[in-house]
Amino acid sequence: QASGVTAVSLASLPFIIPHIVEDFAEGIEARLGLCPGCGAFLLGGFLALQVLGPILAGWGVRSGFAVTFWVSVIWVAGALAEHAPALLAGRFRAGAPSVLWVVGLILTQAACAVLAASGWLRARFVRR
């Protein structure tokens with residue numbers, strides 16, 4: 001279970017990174033009422049959690065699946081809340097690359113959430 005969660009979480013990064021760069025270029029932190037430095041700091045912390053979850057799961061710590069599940073759910077929910085209307089209207093930012101990044105983010109993180117939930121429920125690891 002942990003290796004699948006790790007693989008899918010890592011596979012999402014080529015979609016997440018360019019999408020986030022584009023979000024910051026579009027001023028997402030200002031729309032959320034944050035200064036650019038604050039937004040970057042929070043993003044860094046969130047990406048650290050995305051890395052920490054699979055590491056903990058790989059070490060046999062059940063809560064690693066929980067961290068990964070919630071990080072994935074937040075990625076998917078945030079992307080859908082922020083971008084679904086534009087995607088459905090067929091006019092999303094820079095066209096095909098932008099669509100690929102956000103759809104790739106949603107699909108990989110949704111798969112990661114499913115795998116993490118399965119691992120979380122099935123894990124017989126000792127909580128640390």
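## The largest pocket

Four helices, α1 (2–25), α2 (28–31), α3 (36–58) and α4 (63–89), each give at least two residues to the lining of the largest pocket. Helices here are DSSP runs of H or I with at least four residues, numbered from the N terminus. With 7 residues, α4 provides the largest share of that lining.

This is a predicted model, in which local features need pLDDT of at least 70 and side-chain atom pairs count only at pLDDT 80 or more, while totals for chains, interfaces and linings use all residues. Residues are numbered from 1 along each chain as its sequence is written, and side-chain values use heavy atoms, with hydrogens and water left out.

The pocket's volume is about 440 Å³, taken as the space filled by probe spheres set on grid points joined across faces, edges and corners. A pocket is an open set of points on a 1 Å grid over the protein atoms alone, where a 1.4 Å probe fits, with protein on both sides within 12 Å along at least five of seven lines; lining residues have an atom within 4 Å of a point. Of the 20 lining residues, I20, D23, I28, L32 and W75 lie nearest the centre. By type, the lining holds 13 nonpolar, 4 polar and 3 charged residues; Ala, Val, Leu, Ile, Met, Phe, Trp, Tyr, Cys and Pro count as nonpolar, Asp, Glu, Lys and Arg as charged, and the others, Gly among them, as polar.

## The nonpolar core

W75 also belongs to the largest nonpolar core, a set of 12 residues that includes I16, I20, L43 and F46. Such a core joins buried Ala, Val, Leu, Ile, Met, Phe, Trp, Tyr and Cys residues through side-chain atoms within 4.5 Å. Buried means under 20% relative accessible area, exposed over 50%, and partly exposed in between (1.4 Å probe, protein chains only).

## Aromatic pairs

Rings of Phe, Tyr and Trp (its six-membered ring) pair if their centres lie within 6.5 Å; planes under 30 degrees apart are stacked, over 60 edge-to-face, and the rest tilted. The count is 3 aromatic pairs. F46 sits in helix α3 and W75 in helix α4, so their pair ties together parts 29 residues apart in sequence. Both F46 and W75 are buried.

The ring centres of F69 and W120 are 5.8 Å apart with planes at 45°, so this pair is tilted. F69 is buried at 19% relative accessibility, whereas W120, at 25%, is partly exposed.
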